[in-house]
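This report is meant for a reader meeting the structure for the first time.

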Amino acid sequence: ETYENILVETKGAVGIIRLNRPKALNALSDGLVTDMEKALNAFEDDAAINVIVVTGSEKAFAAGADIKEMMNFSYMDAYLNDFITKKWGRLATCRKPTIAAVAGYALGGGCELAMMADFIIAADNAKFGQPEITIGTIPGAGGTQRLTRAIGKAKAMEMCLTGRMMDAAEAERSGLVARVVPLAELMDEVMKTAEKIAAMSRPAAMMAKEAVNRSFEATLTEGLLFERRVFHSTFALADQKEGMAAFAEKRPPNFSGK
Ligand code: HXC
């Protein structure tokens, strides 16, 4: 399928979605998030895909929700359409591992979208921010929640209240991003990481992701219980037998994804 607002490609078992509205710095219009939701559904359903990468351009991952599109919304336009999480939230509900490759601006909804991925790898020119306050609104797709969990109250409050941007170095220091790499190497580094994950047992990777995400919802006792039960269940995987046999036989594993 071809899309108007995104470019989609696959490399081996990695599916890549590139946000592509260059004239608007990838502002997240309804058309763009509709395309993205469809592409994510397709990758989730595609048995040949193990990992999903979302990226933008060198100048902008995404400069936020499309301000010109939403500026005249009424409360009921927003409420009845469940603006904005209904379609955007798809990235956060993917069961396969997801990586956001962020270069340039990741502002407002762009920062929120990046935070919906399992982790962010940033180029050294990345800038993160929640500037909604500067246009008379507040974050609406996780900026007050995921950002606070990622970087703590002091920095999240300062960013949400002043709209100031955080550069890549500060984002790494603060725990917002997993790693910062030179801009020219961003996609190579992201693909290396994605391919590494894609070569693991897919169910094991999905279970690891599910267990890490549980830590945001559960008490420690409940989270540890969840982890232990899922860990026990991995002994039903052919991939667990293969992975441990390969270790014992001093050879690389050949995972079947089952
Ligand atoms: C619509 C946008 C846009 C946006 C940029 N553009 N961001 N259009 N919505 N969020 C458009 C500009 O209007 C302009 O179009 C073109 O993209 C290039 O942008 P410039 O401003 O000329 O570029 P530059 O001077 O380099 O500045 C880059 C920038 C600035 C600092 C990123 O564009 C900016 O501040 N953008 C808005 C950032 C923002 O406030 N985001 C939060 C949105 S609210 P023309 O036609 O003039 O060339 C939000 C709410 C989410 O995300 C809550 C629910 C999820």
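How do the residues of the lining of the largest pocket divide into nonpolar, polar and charged? The lining of the largest pocket is made up of 20 nonpolar, four polar and eight charged residues, in a model that is predicted.

**The pockets**

The space in the largest pocket comes to about 980 Å³. The pocket is lined by 32 residues, and those closest to its centre are M115, A117, D118, N213 and F216. Two or more lining residues come from each of α6, β7 (119–123), α7 (146–151) and α11 (202–214), and the largest share, eight residues, is supplied by α11.

The second largest pocket holds about 360 Å³ of space, and A65, M70, E132, T137 and I138 lie nearest its centre among the 21 residues that line it. Here the elements that give two or more residues to the lining are α2 and α6, while the lining as a whole divides into 13 nonpolar, six polar and two charged residues.

**The ligand**

Around the ligand there are 24 residues, of which A63, A65, I67, K68 and G109 come nearest. The residues of this shell divide into 14 nonpolar, four polar and six charged.

| Residue | Part of the residue | Distance to a ligand oxygen atom |
|---|---|---|
| K59 | N or O atom in the side chain | 3.1 Å |
| A65 | polar backbone atom | 2.8 Å |
| G109 | backbone N or O atom | 2.8 Å |

On its own the ligand has 1,000 Å² of accessible area, and the protein covers 66% of this. The elements that give two or more residues to the shell are α2 (67–70), β6 (105–107) and α6 (109–116), and α2 gives the most, with three residues.

**Charged pairs**

Side chains of opposite charge can pair when their charged atoms come close. When the whole structure is searched, 11 salt bridges are found, and one of them joins the side chains of E170 and K155, with a distance of 2.6 Å from N to O. Why does this pair tie together parts that are 15 residues apart in sequence? The reason is that E170 belongs to helix α9 (residues 168–174), whereas K155 belongs to helix α8 (residues 153–162), so the pair links two helices.

Definitions and conventions
Residues are numbered from 1 along each chain as its sequence is written. This is a predicted model: local features need pLDDT of at least 70, side-chain atom pairs count only at pLDDT 80 or more; totals for chains, interfaces and linings use all residues. Side-chain values use heavy atoms; hydrogens and water are left out. A residue is near a molecule or strand if one of its heavy atoms lies within 4 Å of it. A polar contact is a pair of N or O atoms within 3.5 Å; within protein, one must be able to donate a hydrogen and the other to accept it, and residues adjacent in sequence count only if both atoms are side-chain atoms. Accessible areas come from the Shrake-Rupley method with a 1.4 Å probe; for residues, only the protein chains shown count as cover. Helices (H or I, at least four residues) and strands (E, at least two) are DSSP runs, numbered from the N terminus. Ala, Val, Leu, Ile, Met, Phe, Trp, Tyr, Cys and Pro count as nonpolar, Asp, Glu, Lys and Arg as charged, and the others, Gly among them, as polar. On a 1 Å grid over the protein atoms alone, a cavity is a set of points where a 1.4 Å probe fits but cannot get out, and a pocket is an open set with protein on both sides within 12 Å along at least five of seven lines; lining residues have an atom within 4 Å of a point. Grid points are joined across faces, edges and corners, and a volume is the space filled by probe spheres set on the points. A salt bridge is a side-chain nitrogen of Lys or Arg within 4 Å of a carboxyl oxygen of Asp or Glu.
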